Amino acid sequence: MQLRINNLKSTIKITLLCTLLACSGNTQLFAQEIIENEIKDSIMVIDTTSVVSDSIKTVVVPEKPFERMKVDGVAAVIGEHVILDSDIDIAYKQLVSEGVSANDVSRCELAGSLFENKLYAHHAVQDSIEVRDAEVNSMVDQQLSYMTNELGTIEKVLKFYKKKSVDDFKKELFEINKSNRLSEQMRTKIISDIEITPEEIREFFDDIPENERPLFGTEIELAQITIEPEIPEKEQQKVIDRLNQFREDIVENGSSFATKAVLYSQDPGSKSTGGKYTLDRQTNFAKEFKDVAFSLQENEVSEPFKTDFGWHIVKVDKIRGEEIDVRHILLVPDVTGESVSKAKKLIDSIRTSIISGSIKFTEAARKFSDEKETREDGGQLINPATGDTHFELTKIDPILYDQVSKLKTNEVSLVIPDQDRQGRKKYKLITVLKRYDEHIADYSKDYLKIQELALRKKQIEAIRKWQNEKIMDTYIKINGDYRDCNYSGNWLKKEK
């Protein structure tokens, strides 16, 4: 269970792989700038305490003797960012391990993607784009929690990634995540003001030859009714009493909050790290959670309180201005067999009433559904990938596909058992409101899709123009075999 109201934005696959594998972290630790003529596979003299200016390619000489380090396999330098050959190796192997055919992606393509990412990050700093430390720290905490859940213990994580300590690993992950977020925000800034006019949309469509116009697959609009078993008051009180016991043991007897979180918390996103999160006022956590957390002093433990995720107690570990480190324990009250049975009878009754025609599906959704997000719209679902109400049948979640692919328009599904985000049983009904058969793009029928395609084309052109200009203005050094690649960008700065 993630405490976040909204999921974090996805990064492109290449940068995500780098984040998970810490594939560029080591370079960040010991080098910020490399002198152009000293970058090949040679022994470089580097002192980790030296100061390197963004604008001056020189190293301040310390009083103590230099520490010599072998910098091997540097693929490229983009601004102040160093990309190792091993970064590309790891990204390539990870893609293959995830089922991507080795024939579908080349090392040159991976290298080009990494170059682009670092170019964006470099100029984000130049443009004074800021990334909040609390946001990055929260991402790091979640990644460590995920890794720990996958491998079993934090010690196994450190051994697998060949790291000496949690603090060192977190510092590397912090730098990588911060670079990736800067890159994302720079890309967003480039296209943020781009708009497209109806004339441009028409021109875009007319320029597509008739025999090359896109084929849009079968699409459907869906609505659903969700019935959740009621949580009895006695079950809620059990959870509150248990959290009060935890609190008393921590406050009065000095028990470890982190240990109790590891043993008892039902939040898989923080359980393995002792319930730890870093946040500020802008972090997308439940409002009730932030209100309580920011009302506490250091080492203070809250009374039990409720969010949509369950019941919590929170302890503040550290306050750093606008940012705080907190730990929490989450307990989720359970439903009873009786309440589950009542919910099943209710949804069976609702389905019978809809099929008999005594109530319309949308009316029943507004009257009975427990799903706040869709209830007022008659249960209509929004496609999270596109933001509209259309779902392309071949691209929807496989489980949802099995539930709706054979439904006719206005036909009501059988009762579908489901689970809420805490794993408790619930039930739902689904219907197909409208169906749009597979067809060649039509300007009037598919205007919104054509508008999206035209806007995307204009955004890509803007990004390409920005990239071409910034490549010429940025210190770039490409080494070895990567100089022989045929990139979409002019990374080698060849005259045209």
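Which residue forms a salt bridge with Glu200? In this predicted model, the partner of Glu200 is Lys458, and their closest N and O atoms are 3.1 Å apart. Glu200 belongs to helix H8 (residues 198-206) and Lys458 to helix H16 (residues 447-473), so the pair links distant parts of the chain, 258 residues apart. Glu200 is partly exposed at 29% relative accessibility, and Lys458 is also partly exposed, at 27%. The count of salt bridges comes to 29. One of them joins the side chains of Arg132 and Asp280, with an N to O distance of 2.5 Å. Arg132 lies in the loop between H4 and H5, and Asp280 in the loop between strand S7 (276-279) and helix H11 (287-293), so this contact ties together parts that are 148 residues apart in sequence. Asp280 has a relative accessibility of 7% and counts as buried because the limit is under 20%. Arg132, at 30%, is partly exposed.

A further salt bridge is formed by Lys189 and Asp127 (3.6 Å, N to O). Lys189 is in helix H7 (residues 166-191), whereas Asp127 is in the loop between H4 and helix H5 (133-151). Both are partly exposed, Lys189 at 42% and Asp127 at 32%.

The model also contains an open sheet of three strands in the order S4-S3-S15, with antiparallel pairing. Strands S4 (81-84) and S15 (476-478) stand at the edges with a single partner strand each, so one side of each has no neighbour in the sheet. Strand S3 (residues 74-78) pairs with S15 over three bridges, and Ala76 has Ile478 as its bridge partner in S15. Helix H4 (residues 107-126) packs on the sheet and touches S3, S4 and S15.

How values were computed: Residues numbered from 1 in each chain as written. Predicted model: local features only at pLDDT ≥ 70, side-chain atom pairs only at ≥ 80, totals over all residues. Heavy atoms only, no water. Pairing = 2+ DSSP bridges. Helix = DSSP H or I, 4+ residues; strand = E, 2+ residues; numbered from the N terminus. Contact = heavy atoms within 4.5 Å. Axes fitted to C-alpha atoms, helices over the stretch in contact; angles between N-to-C directions. Salt bridge = Lys/Arg side-chain N within 4 Å of Asp/Glu carboxyl O. Buried < 20%, exposed > 50% of the residue type's maximum accessible area, 1.4 Å probe, protein only.
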